[in-house]
Each structure stands twice: as C-alpha cells, then as structure tokens.
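Visitor: I would like a close look at one part of this protein. Please take me through a pocket and the aromatic rings that go with it.

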Amino acid sequence: MEYDFRAIEKKWQQRWVERQTYKVIEDPKKEKFYVLNMFPYPSGAGLHVGHPLGYIASDIYARYKRLKGFNVLNPMGYDAYGLPAEQYAIQTGQHPAITTVKNINRYREQLDKIGFSFDWSREVRTCAPEYYKWTQWAFQKMFNSFYCNKCQSAQPIEKLIERIAEKGTDGLDVAQSEELHITAEQWKAMSEKEQQEVLMNYRIAYLGETMVNWCAGLGTVLANDEVIDGVSARGGFPVEQKKMRQWCLRVSAYSQRLLDGLETIEWTDSLKETQRNWIGRSEGTEMEFSVADSDVKFTIFTTRADTIFGVTFMVLAPESELVQTLTTADQKAAVDEYLAYVKKRTERDRISDKKVTGVFSGSYALNPFTGEKIPIWISEYVLAGYGTGAIMAVPAHDSRDYAFAKHFNLPILPLINGADVSEESFDAKEGIVENSPREGIETVDGFSLNGLTVKEAIAATKEFVTNHGIGKVKVNYRLRDAIFSRQRYWGEPFPVYYKDGMPYMLP
C-alpha cells in the first residue's frame with residue numbers, strides 16, 4: 001500500500017490537538033525538565049532549513065526525556081520585534097503588528113506540519129504587552145540595582161546611596177564605569193541631577209557613551225552581523241562607527257560568575273573553551289605613562305609588565321578621547337583622514353582583518369622606568385572597549401605589534417636570551433630576561449630584570465609598579481557591556497521618562 005503521509009499526518013496531528021497531548025501540567029511527583037529553543041524571527045519568507053534543523057534535534061530530546069518520566073516543558077515562541085518589519089512598514093505604510101501576525105501564522109502552520117511536541121498554550125510573542133511587561137520589569141530591576149563584587153550579586157541601589165551618604169565612594173568594591181572619589185559631604189551638597197549622574201556610574205542598566213554601528217538611513221544602531229562592507233545588510237545604507245549615548249547592561253560585572261558557572265554545566269569542553277576565550281580573563285598590570293612636554297597622563301593594561309623595557313611605540317584606539325588631545329597640528333590632516341577610514345569599519349572587521357594600518361599622532365610618551373621617549377601611534381588594531389583603549393607595543397614579543405613595527409619600520413628590541421626576531425615575534429612566555437634595561441640605560445632606583453626567568457620578571461615588575469605608585473595589579477576581562485538598543489518604533493518600549501536630561505523609571 002502507498003503511504004499517504006498527508007492524510008495520516010493530518011489525522012494524528014488533529015488527534016494530538018483535541019487530546020492536548022503535549023500540554024504540560026505542573027506535577028510535583030515528576031522531575032521538571034526544560035527544553036529551550038531559540039525563538040525564530042517571523043519574516044515573510046517563512047521557516048528556513050536552519051529552523052527545523054535545530055528544532056528537530058531538541059524535539060527528539062524532549063520526547064526522550066518525557067519517556068524517561070520527566071515533566072518536560074518544550075515551548076515555542078517568536079522573537080517578534082525586528083528591524084525588517086519596521087522597514088517594511090516604512091516602505092508600504094502597513095503597521096508592523098499586521099505583518100508580524102501574518103508572518104507568525106505562516107510559521108505556526110509550517111511548524112505544525114512538521115509535528116513538533118510543543119505546548120502551544122505556553123507560546124511567547126516578544127511583541128505582546130503581556131510578555132514585554134516582564135522585560136520592562138527586568139529593565140527596571142537592573143536600573144535600580146548595582147553589582148556588589150564582595151557578595152557577587154546585584155543589590156538595591158538604595159544600599160549604595162546610603163553607603164555614599166555615610167562614607168563616600170572610597171573603598172567601594174562594586175562594578176563601575178570609572179573609579180570616582182566623592183566624599184559624603186560632597187554627595188550631600190550635590191543637586192538631584194548631579195547625584196543621578198554619579199549613580200549612573202554604578203547602575204546595572206545605565207546610559208553610557210559607547211561606540212556603535214550607526215546607520216542614519218535606517219535611523220538605528222546595527223549589530224556587527226547586520227553590516228557588510230561598510231553598509232547595512234538591509235537597504236545598503238552607509239554605516240559609520242560613532243560614539244553615542246546608549247542604554248547599556250553591565251554584563252561585564254558577571255564575568256567571573258560566568259567563568260565559574262562553566263564548571264557546573266554539561267557542555268562539551270570545546271564549547272566551554274570558546275566561552276572562556278569570549279569572556280577573556282587576564283591578570284596583569286595597569287601602568288601610567290606621561291606624555292612628553294605635557295601634563296597629560298594615560299593608563300595602559302598589560303599582562304606582560306616585564307616587557308616594559310622592550311616598548312618601542314604606544315598605540316591608541318582611533319576612538320580614544322586622547323587622539324584629539326595628542327594629535328599635533330602638523331599631523332592633524334593625516335589623523336583626520338585615518339579616522340574617516342576607520343569609521344567605516346566594524347569592530348569585527350578590525351579584529352579579523354590582519355591588514356596593517358595606522359598613523360603617527362605627533363606626540364611622545366615617556367617610559368616610566370627609563371624616561372625614554374616613545375612615539376604614540378593610532379591604529380585600528382587597538383579597540384577602545386578592551387582594557388583602556390591604549391597599549392604599550394612590544395614588537396619583539398607580540399605578533400600584531402611585530403607586524404605593525406615591520407610595516408612602519410619601528411625598532412624591535414628582543415628581551416629574551418636567544419630570541420630570534422628576524423622573521424617573526426618571539427611569543428613564548430619563558431626564558432631568561434636580557435636587555436631589561438639595555439646597557440647604558442638608567443632606570444628608576446636602578447631597577448633591572450636581567451638574569452631572571454620570565455615568571456620571576458613578571459612578579460618583580462608587578463611589585464615594583466605597585467610600590468612606586470606607577471600603577472596597580474588588576475584582573476581584566478574581554479567581555480564587554482551589552483548595548484541595549486532599539487529601532488525607532490517597532491521595538492520594546494523602554495519604561496523611562498526624563499527630567500533634567502536624566503532617566504527615571506515609570507511606575
């Protein structure tokens with residue numbers, strides 16, 4: 001007999017609906033199990049092959065756990081706010097709610113035909129007020145919270161206000177945008193607006209100046225994967241890197257908890273390693289450099305403080321506020337031209353592209369150990385969001401610094417005995433230190449690392465830096481705060497009103 005799958009599927013799927021086969025009822029006698037799918041964005045094109053590819057795998061697992069006696073929650077929903085719907089509405093004059101519901105109905109029809117074991121009574125639509133009232137609730141919770149490093153959790157902002165009013169900001173062990181020094185008396189003398197500006201430095205949901213992919217044609221900020229060759233994937237409008245005031249979420253405060261949590265979940269070792277690299281924990285040293293013939297000072301972060309004697313140039317991120325300060329008059333035209341080029345490049349392009357580009361600022365920094373002058377360059381391979389947006393470049397022992405030095409014919413000074421840097425950098429973190437300092441170079445208090453192992457040299461430099469007030473030992477993370485942006489109107493409404501330019505939460 002021919003297998004009439006259309007009739008058979010239709011019959012049984014109708015039976016499953018009538019009997020509510022996949023409806024989940026709370027049952028304390030069964031162990032709970034939650035299968036979480038990535039909700040699709042309902043476009044007019046319908047499901048693509050990647051959707052069922054993932055959903056079939058999770059559906060098999062959900063059925064397996066059900067047969068094992070678990071009470072399985074396997075919901076489906078729609079990530080239903082989106083830029084395409086907004087753009088379609090602008091082009092056609094049709095409200096996004098209409099096209100979104102139409103697209104959802106198409107998706108539902110296709111999902112049902114495949115026969116997934118979803119509990120449709122639990123459907124989620126992110127554009128429905130009964131859903132996004134909870135994301136608004138979460139936003140308000142984050143706005144009204146700060147992150148306590150000692151207790152490793154979010155705490156009510158009222159606790160922080162009480163602490164500052166009593167003792168000021170010194171000694172605070174909390175996540176913050178920058179270290180502030182405010183006394184209790186200064187806090188009490190501040191206006192309401194000034195106090196709100198201080199609190200913005202600590203809130204988990206906060207307004208911050210950050211680099212974004214700004215697309216004027218679409219009137220919105222774009223994610224890296226929405227930008228292709230300097231234009232928007234949708235519409236082909238020009239996109240530029242621009243510093244804008246954006247809502248941010250202080251996810252960086254949770255970096256260590258995320259790392260620790262990887263030990264408690266059943267993921268593959270390769271996936272965990274990818275996550276560790278994404279979070280990017282590094283222990284190092286912050287050091288302060290003075291600018292020659294100037295009162296300006298700036299801080300860099302390095303995991304290899306021992307290489308201070310091999311620094312032959314400094315590099316600023318193009319977005320750094322120091323760029324305007326340190327660019328000399330005779331270099332201004334060249335710097336402006338370079339900044340215009342970088343504006344068209346996404347952060348992803350800059351990380352993945354090994355092309356060497358840069359421009360000299362015209363200014364020099366002073367090596368804090370020797371007083372030697374070091375040229376300050378500007379290059380796209382340094383990102384504003386990681387560390388301090390400025391680096392000390394040691395081309396003998398870092399591959400990207402090496403490529404830059406070779407390209408611009410800058411000195412390369414090896415610091416490890418026997419290191420051959422004629423063709424490439426010597427990136428190994430072991431060996432006996434030499435040229436630290438070079439012969440005839442005077443250092444602060446005669447400090448020298450020559451003859452030590454790399455490990456000994458790192459420890460000795462950290463101690464010297466701390467004792468002499470040149471810097472401090474610090475843990476850094478690559479993970480950065482999330483930008484919480486939205487489109488012009490087809491996006492989750494923020495529960496915020498403004499007074500004197502400062503945000504307050506709506507009840």
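How do the residues of the lining of the second largest pocket divide into nonpolar, polar and charged?

Guide: This is a predicted model. The lining of the second largest pocket divides into 7 nonpolar, 6 polar and 6 charged residues. In total, 19 residues line this pocket. The space inside comes to about 430 Å³.

Start at the centre. The lining residues nearest to it are Gln13, Trp16, Val17, Arg108 and Trp120. Now look at the helices. Helix H1 (5-18) supplies at least two residues of the lining, and so does H4. H1 gives the largest share, with 6 residues.

Follow Trp120 next. Its ring pairs with Phe118. The pair is edge-to-face, with 5.7 Å from centre to centre and 85 degrees between the planes. Trp120 lines the pocket, yet Trp120 counts as buried because its relative accessible area is 17%, under the 20% cut-off. Phe118 is buried too, at 4% relative accessibility.

A search of the whole structure finds 34 of them. One is formed by Tyr55 and Phe116. This pair is edge-to-face, at 6.1 Å between centres and 85 degrees between planes. It bridges distant parts of the chain, as the partners are 61 residues apart. Tyr55 belongs to helix H2 (residues 50-67). Phe116 lies in the loop between helix H4 (96-114) and strand E4 (124-125). Tyr55 is buried, with 4% relative accessibility. Phe116 is buried at 8%.

Rings also gather in a group. Phe313, Phe360, Tyr364, Trp377, Tyr381, Phe404 and Phe408 make up one aromatic cluster.

Lys65 lies over the face of Phe70, 4.1 Å from the ring centre. Arg203 places its charged end over the ring of Phe143, at 3.9 Å from the centre.

The structure holds 1 cavity of 30 Å³ or more. The largest cavity contains about 30 Å³ of space. Its lining consists of Asn213, Val227, Gly230, Val239, Glu240, Gln241, Lys343, Lys344, Arg345 and Thr346. By class, that lining has 2 nonpolar, 4 polar and 4 charged residues.

Back to your question, then. The pocket lining is 7 nonpolar, 6 polar and 6 charged, and Trp120 is among the residues nearest the pocket centre.

Methods:
Residues numbered from 1 in each chain as written. Predicted model: local features only at pLDDT ≥ 70, side-chain atom pairs only at ≥ 80, totals over all residues. Heavy atoms only, no water. Phe/Tyr/Trp six-rings, centres within 6.5 Å; stacked < 30°, edge-to-face > 60°. Helix = DSSP H or I, 4+ residues; strand = E, 2+ residues; numbered from the N terminus. Buried < 20%, exposed > 50% of the residue type's maximum accessible area, 1.4 Å probe, protein only. Lys NZ or Arg CZ within 6 Å of the ring centre and 35° of its normal. 1 Å grid on protein atoms, 1.4 Å probe; cavity = no way out; pocket = protein on both sides within 12 Å on 5 of 7 lines; lining within 4 Å. Points joined across faces, edges and corners; volume = space filled by probe spheres on them. Nonpolar A, V, L, I, M, F, W, Y, C, P; charged D, E, K, R; others polar.
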